[in-house]
Amino acid sequence: MTRVLVTGASGFVGKNLIPKLNSCQHEIFEVSSIAGDIADNATWSNFERVDVLIHLAGSTFVPNSWKDPSGFIKTNFHGTVCALDYCRQHGAKLVYLSSYLYGNPSKLPIPESAPLVANNPYALSKKLAEEACKFYADIFDVKTTIFRPFNVYGPGQSGQFLIPSLINQVLDGNSICVKDLGPRRDYIYIDDLVDAIIMAVGSNLVFEIINIGTGVSYSVAELIDIIQNIQGTNLVVQSAGERRPEEVMDTQADITKALQVMGWTPKYLLRPGLEKMLRSAD
């Protein structure tokens, strides 16, 4: 039986991951924010010794990172360094949830070897955390799998994020208001990300960085059309034409490596994933 510690267990990914980990007969230790500051080594001294650490804890909402860059760097970078120190001390393997870090890509689909661009404070915090992971892997032999999920969505996600916001507006039955209809994203359903994490727990990977996406992108306008088609609505769509600072206009993951090194491929295309979300929201 593998002993697994999960930070950020009460977050969106954690809540979807824990039940599936339990079904795999692992011994699970859940850590949420009530355990203390994840960027403080003293917090980590209270945790059980485990075989695998799944580090999900962090600050995630990009718009907030512009308001509090130092807070995001403390939580996401320093918190990950503490996680790496924990793994070094206990001989644990690390599975780290990073993020999309490619800025405005020069080509699509985007491989893991593409240049990294910190185009917002959140991305900077994750980029620094990845550099720390590589250092600890090279110098201290901490086995690490880093996932770069593209845009994750699914039931239980905060209404701050685009897809839950659109679904809530459609279900409300009034008009649909967005800032910009143009940006395209590669949307990955939460169950597919969870499957990748569980596969990494049981793998023998030494150090890998792996994209998690579908390889297909959709615009905000296309998202709205699909959701309305599923629900049978035809609500008025209003766009403010407001573009975010350093906006990336298109993302599309090259997921070849995930198949090659883990045998992972996504099970959900966008429409079936949205259908599951809408069923859970009814």
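Me: Helices (H or I, at least four residues) and strands (E, at least two) are DSSP runs, numbered from the N terminus. Which helix holds Phe140?

Reply: Phe140 lies in helix H5, the run of residues 121-140. This is a predicted model, in which local features need pLDDT of at least 70 and side-chain atom pairs count only at pLDDT 80 or more, while totals for chains, interfaces and linings use all residues. Residues are numbered from 1 along each chain as its sequence is written, and side-chain values use heavy atoms, with hydrogens and water left out.

Me: Why is Phe140 called partly exposed?

Reply: Its relative accessible area is 36%. Buried means under 20%, exposed over 50%, and partly exposed in between (1.4 Å probe, protein chains only). Phe140 is therefore partly exposed. Together with Phe135 and Ile139, Phe140 makes a nonpolar surface patch of about 290 Å² (Shrake-Rupley area). Such a patch joins nonpolar side chains within 5 Å, and like charges within 9 Å, among residues with over 30% relative accessible area and no salt bridge (Lys or Arg side-chain nitrogen within 4 Å of an Asp or Glu carboxyl oxygen).

Me: Why is strand S10 described as largely enclosed?

Reply: Six of the six residues of S10 (residues 207-212) are buried, so the rest of the structure largely encloses this strand. In a regular strand the side chains alternate between the two faces of the sheet. In S10, Phe207, Ile209 and Asn211 are buried on one side, and Glu208, Ile210 and Ile212 are buried on the other.

Me: How do you know that strand S5 pairs with S10?

Reply: Pairing requires at least two DSSP bridges, and six join S5 (residues 144-149) to S10 in parallel. The strands therefore pair. Thr145 stands opposite Glu208 in S10.

Me: What makes strand S1 largely enclosed, and which strands does S1 pair with?

Reply: Four of the five residues of S1 (residues 3-7) are buried, so S1 is largely enclosed by the rest of the structure. Five bridges join S1 in parallel to S2 (residues 27-31), where Val31 is the bridge partner of Thr7. S1 also pairs in the parallel sense with S3 (residues 52-55), over four bridges, and Val6 stands opposite Ile54 in S3.

Notes: Accessible areas come from the Shrake-Rupley method with a 1.4 Å probe; for residues, only the protein chains shown count as cover.
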